[in-house]
Amino acid sequence: KQWYQRRVHGVPWILKEDGSRYFDDSYKFEPGKDEVIAEGTAGYVVSYGDMLYRSWDAVLRCRQEGLNVGLINKPTLNLVDEQSIRKVGSSHFVLVVESLNQKTGLGSKFGTWLLERGLTPRYGYMGTVKEGCGGLTEQIPHQGLDPQSIIKRIRELSQ
C-alpha cells in the first residue's frame, strides 16, 4: 500500500499510517521547526520538498520489511532544529535525501551540523550528481533518487 496515492494539483499527499493527511487544513508551518513524519528506532531519513513522498515510500517499504526507519521533513533548510538534530543524531544512521546538487545541498551541510554537536551516527546523503535533461520522471531515476535507490542506501547505512 502506498501512503502518498492521493494527489492535488499533481502533488502527492503525505498520508499518516492511519490514512489521514499529514498536511491537512490544521497544519501550521513553523519556521526552523523540523517535522516528524514517523518516529524510528533503526535510524532516520531527512528529506523535504519533491523528495519527501519518495522518501516516505522508501521508509514505509523498509518498515514493512521490519526495519523501523523514521522520517523527518525539513522545511527550513538554513536553520538547525536543535531538538530534531539531537534526535536523529543519536540514532544509528541518518540519510539526507534531496533533489538539489549533492555538493552544495542540505546533505553537504547536515553532516557538519551533526559533527559540530558531537553527534556521530552513520551518515549518508543523496542528491543530484549528474547532468541531464528531461523532467522529473526521467531525472529522478537517472540521478539514483527513486524509492528503490533510497531503500538500497537505507539498507547499507543500517548495517
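Two strands are counted as paired if DSSP finds at least two bridges between them. In this predicted model, five strands form an open sheet with mixed pairing, in the order E3-E5-E4-E6-E7. Strands E3 (35–38) and E7 (122–128) stand at its edges, each with a single partner strand, so one side of each has no neighbour in the sheet. From one strand to the next, the twist averages 25°.

**Strand E4 and its partners**

- Strand E4 (residues 43–47) runs parallel to strand E6 (residues 93–101), and four bridges join the two.
- Within this pairing, Val 46 stands opposite Val 96 in E6, while Ser 47 has Val 97 of E6 as its bridge partner.
- E4 also runs parallel to E5, to which five bridges join it.
- The bridge partner of Val 45 in E5 is Leu 71.

**Burial of E4**

- Five of the five residues of E4 are buried, so the strand is largely enclosed by the rest of the structure.
- Buried here means under 20% relative accessible area.
- Gly 43, Val 45 and Ser 47 point one way from E4, whereas Tyr 44 and Val 46 point the other way.

**Helix H1 and the sheet**

- Helix H1 (residues 52–64) packs on the sheet, where it touches E3, E4, strand E5 (69–73) and E6.
- The direction of H1 makes about 165° with that of E5.
- Together, E4, H1 and E5 make a right-handed β-α-β unit.

How values were computed
Residues numbered from 1 in each chain as written. Predicted model: local features only at pLDDT ≥ 70, side-chain atom pairs only at ≥ 80, totals over all residues. Heavy atoms only, no water. Axes fitted to C-alpha atoms, helices over the stretch in contact; angles between N-to-C directions. Contact = heavy atoms within 4.5 Å. Buried < 20%, exposed > 50% of the residue type's maximum accessible area, 1.4 Å probe, protein only. Right-handed = clockwise from strand over helix to strand, strands pointing away.
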